[in-house]
Amino acid sequence: MLTVSNLSVQFGKRILFDEVNTTFTQGNCYGIIGANGAGKSTFMKIISGEMDPTSGRVFLEPSKRMSVLNQNHNMFDEHTVLETVLMGNKVLHAIKAEMDALYLDYTDENADRIGELQLQFDEMNGWNAESDAGSMLSNLGISADYHYTPMSELEGKLKVRVLLAQALFGNPDVLIMDEPTNDLDFETIGWLENFLANYENTVLVVSHDRHFLDAVCTHISDIDFGKINNYSGNYTFWYESSQLAAKQKAQQNRKAEEKKAELEEFIRRFSANVAKSKQATSRKKMIEKLNLDEIKPSSRRYPAIIFETEREAGDQILNIQNLSASIDGEVLFSNVDLNLAKGDKVIVFSKDSRATTAFYQIINGEQKADSGTFDWGITTTQSYLPAENHHFFESKDLNLVDWLRQWAKTEEERDEVYIRGFLGKMIFSGEEALKKCNVLSGGEKVRCMLSRMMMIRANVLMLDEPTNHLDLESITAFNNSLKNFKGTVLFTTHDHEFAQTVANRVLEITPKGVIDRYMTFDEYLDDPKIKEQRKAMYA
């Protein structure tokens with residue numbers, strides 16, 4: 001379907017790709033993964049023709065159509081929502097545009113051309129195009145009321161869904177998607193997972209959402225050491241097998257039979273998990289057929305995120321009564337009652353991200369509630385990771401050692417060696433620890449904020465969209481650390497895997513009240529009674 005031959009990409013002296021040869025075949029979904037800076041987005045731009053490689057070529061079978069999820073949210077502002085989706089099939093849209101123009105200036109001379117175009121239009125199922133586009137928009141949460149609205153009038157999150165419908169429209173032979181789940185809610189992501197899991201053509205996708213990669217991918221394409229290697233299986237299988245390969249490489253003296261037995265047991269265990277997965281489809285490869293011999297230890301660096309507590313909290317953690325908040329007269333949430341128990345790990349979520357952010361700001365004393373009260377237990381210490389952290393770094397000309405020293409409590413903690421220990425755990429080692437804090441990337445800032453939280457040693461953690469800007473390696477390490485944390489956690493995330501594996505309690509805050517359940521996140525989303533209740537509370 002799609003072949004990459006002798007692809008090389010070089011920026012100055014830096015070699016990003018070196019003689020890459022790989023093939024992407026029909027019926028498979030490839031998750032493109034790699035550390036930050038490895039070249040994932042560059043590779044996708046080359047595949048889509050947006051950028052030329054230094055050498056080599058990309059070959060798409062003749063007559064095959066490629067579709068790319070557009071990253072420019074304002075590109076179609078002059079068009080209606082429905083027309084924007086129809087433009088996803090460029091050939092069909094061009095035929096329709098030419099037909100419409102010829103009809104406006106109808107003559108005997110152009111009648112034959114109109115007939116030819118009508119035939120092509122019919123063969124491409126063009127007469128059903130508008131209803132198909134409308135149906136796809138509705139599935140993505142864009143109601144019929146919006147279908148003839150100009151794109152310029154839509155808010156950002158709705159534009160993302162329209163552009164997603166555009167990319168999916170017309171059943172393209174090759175679908176290129178860079179971070180398709182950004183700004184989508186869990187229900188829409190679930191719909192997209194099901195759509196792609198049953199998609200019969202070729203998909204290449206970059207995503208930091210591990211649940212999404214596990215649900216849709218038949219293969220993982222790992223960018224490492226300037227090469228791209230394709231492995232059968234989803235992200236979790238690749239991650240666990242690469243960790244196993246690294247462990248076995250470190251134990252060079254172990255007998256070959258012992259290694260082989262360990263690999264076979266790993267495959268058996270993973271196969272059982274896949275068979276139980278609700279996303280497993282007939283088109284997915286069976287894990288039993290996999291050969292782990294080609295899996296290589298990764299060059300990835302995983303941060304060591306370890307949250308310890310200075311003291312254990314008592315039984316009284318947080319009591320909230322009748323808490324409400326609004327913005328410019330619009331109710332964000334109301335009547336929130338919560339008695340937080342020791343050890344609770346609560347996902348706090350809402351269809352409006354402003355609601356969850358306001359909730360955290362109120363219980364951290366940064367914003368006043370419209371009504372209600374909250375009381376922290378006297379044995380609790382809190383640490384908060386806000387969704388927006390720029391004010392921690394702006395107008396500060398400090399290096400990272402001096403920046404982190406601001407939260408030191410004792411002389412021992414002020415020592416540079418002590419502080420460098422926390423920074424080193426977050427992969428700021430050597431000279432990197434002396435970088436200026438006001439020139440950091442988004443991911444580096446979050447890693448600094450995590451160093452700060454680790455140093456505070458609070459027994460209650462509050463996290464508002466903590467995985468934003470982090471790479472897969474940091475997200476995985478962060479996720480594992482919260483599962484092992486002995487204290488109490490309140491967190492909001494769009495990372496499904498994070499929500500499902502960390503939370504033992506779900507708190508949904510809405511304009512008409514709150515839903516509070518002790519259950520896993522998947523159980524919450526799948527419960528039919530809760531679905532009805534949620535619908536009523538947002539109506």
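Helix 6, helix 7, helix 11 (353-363), helix 18 (521-526) and helix 19 (528-538) each give at least two residues to the lining of the largest pocket. Helices are DSSP runs (H or I, at least four residues), numbered from the N terminus. This is a predicted model, in which local features need pLDDT of at least 70 and side-chain atom pairs count only at pLDDT 80 or more, while totals for chains, interfaces and linings use all residues. Residues are numbered from 1 along each chain as its sequence is written, and side-chain values use heavy atoms, with hydrogens and water left out.

**Largest pocket**
- The largest pocket holds about 1,100 Å³ of space.
- A pocket is an open set of points on a 1 Å grid over the protein atoms alone, with protein on both sides within 12 Å along at least five of seven lines; lining residues have an atom within 4 Å of a point.
- Its lining has 40 residues, and Asp-185, Phe-186, Glu-187, Thr-188 and Lys-351 lie nearest the pocket's centre.
- Helix 7 supplies the largest share of this lining, 8 residues.
- By class, the pocket lining has 9 nonpolar, 15 polar and 16 charged residues.
- Ala, Val, Leu, Ile, Met, Phe, Trp, Tyr, Cys and Pro count as nonpolar, Asp, Glu, Lys and Arg as charged, and the others, Gly among them, as polar.

**Helix 6 and helix 7**
- Helix 6 (residues 156-168) packs with helix 7 (residues 186-197) at an angle of about 5°, and their axes are 13 Å apart.
- The two helices are therefore roughly parallel, a term for angles under 35 degrees.
- Arg-161, Leu-164 and Leu-168 of helix 6 make the contact with Thr-188, Trp-191, Leu-192, Phe-195 and Leu-196 of helix 7; contact means heavy atoms within 4.5 Å.
- This contact has 6 nonpolar, 1 polar and 1 charged residues.

**Cavity**
- The whole structure has 1 cavity of 30 Å³ or more, where a cavity is a set of grid points at which a 1.4 Å probe fits but cannot get out.
- The largest cavity holds about 50 Å³ of space.
- Residues lining the largest cavity include Leu-385, Val-446, Asp-464 and His-469.
- The cavity lining divides into 5 nonpolar, 3 polar and 2 charged residues.

**Confidence**
- The chain has a mean pLDDT of 88, with 93% of its residues at 70 or more; pLDDT is the predictor's confidence in each residue, from 0 to 100.
- Residues 275-288 stay under 50 in pLDDT, and the model has 32 contacts for them beyond four places in sequence.

Note on methods
Points joined across faces, edges and corners; volume = space filled by probe spheres on them. Axes fitted to C-alpha atoms, helices over the stretch in contact; angles between N-to-C directions. Parallel < 35°, antiparallel > 145°, perpendicular 65-115°, else oblique.
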